[in-house]
Amino acid sequence: MFASRWLQLPLYLGLILAQCVYVFHFWVELKDLVFAAMGNEDALQHIFQAVAVPGAPLPDKLNETTIMLVVLGLIDVVMISNLLIMVIVGGYETFVSRMYLEGHPDQPEWLSHVNASVLKTKLAMAIIGISSIHLLKTFINAGSYHEKVLIAQTAIHITFLLSAMAIAYTDRIMTNTASTTKH
């Protein structure tokens, strides 16, 4: 039974492949942003399509709002990539096998005290960050969205916030209970 934990290895390898896709996507978007800024028409059209809001007119030139939306998209990719790293490294270390990184110069600071509860809290915080970026992108284009969409996205974001707070609070109660039990 204990060896069945190795069945998770293909899942983590799949997440590493997903990470590769995100890296490729990041470089494509960054390349198009740089080329669009240099006047490349194909890159400019790709950028406009990437930040387009359904039903809203496309911009006719690269402006600060368009650049900001592309950069927010790049930040979003980085945050999702960070989330993937937390799940891959933290999950593998917690549920499959030790990586023996103690003392390694590249050991992530958070890995030394990771457990299932810490991982859940970190994931919740990362999801809030990603949700914040999506909400900001929506608010930048608020005029192109129906009021119900704005309210729904805000409610979903608040739900993520409350869920993270509940997870952290539950973890705190469990930690205090375990600490009290030991003494």
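Residues are numbered from 1 along each chain as its sequence is written, and side-chain values use heavy atoms, with hydrogens and water left out. Because the model is predicted, local features need pLDDT of at least 70 and side-chain atom pairs count only at pLDDT 80 or more, whereas totals for chains, interfaces and linings use all residues.

Helices here are DSSP runs (H or I, at least four residues) numbered from the N terminus. Helix α1 (residues 9–37) packs against helix α2 (residues 41–51) at an angle of about 125 degrees, and their axes are 8 Å apart; axes are lines fitted to C-alpha atoms, for helices over the stretch in contact, and angles run from 0 to 180 degrees between N-to-C directions. The two helices α1 and α2 are therefore oblique to each other, a term for angles that are not under 35 degrees (roughly parallel), over 145 (roughly antiparallel) or 65 to 115 (roughly perpendicular). In the contact, defined by heavy atoms within 4.5 Å, V28, E29, D32, L33, F35 and A36 of α1 meet A43, L44, H46, I47 and A50 of α2. These residues divide into eight nonpolar, one polar and two charged, where Ala, Val, Leu, Ile, Met, Phe, Trp, Tyr, Cys and Pro count as nonpolar, Asp, Glu, Lys and Arg as charged, and the others, Gly among them, as polar.

Helix α2 also packs with α3, at an angle of about 70 degrees and with the axes 10 Å apart, and α2 and α3 are therefore roughly perpendicular to each other. Here I47, F48 and V51 in α2 meet T66, L69 and V70 in α3, and the residues of this contact comprise five nonpolar, one polar and no charged.

A search of the whole structure finds three aromatic pairs, rings of Phe, Tyr and Trp (its six-membered ring) being paired if their centres lie within 6.5 Å, with planes under 30 degrees apart counted as stacked, over 60 as edge-to-face and the rest as tilted. The ring centres of Y12 and Y92 are 6.2 Å apart and their planes lie at 85 degrees, so this pair is edge-to-face. It links distant parts of the chain, since Y12 lies in helix α1 and Y92 in helix α3 (residues 64–96), 80 residues apart. Y12, at 11% relative accessibility, counts as buried, as does Y92 at 18%; buried means under 20% relative accessible area, exposed over 50% and partly exposed in between (1.4 Å probe, protein chains only).
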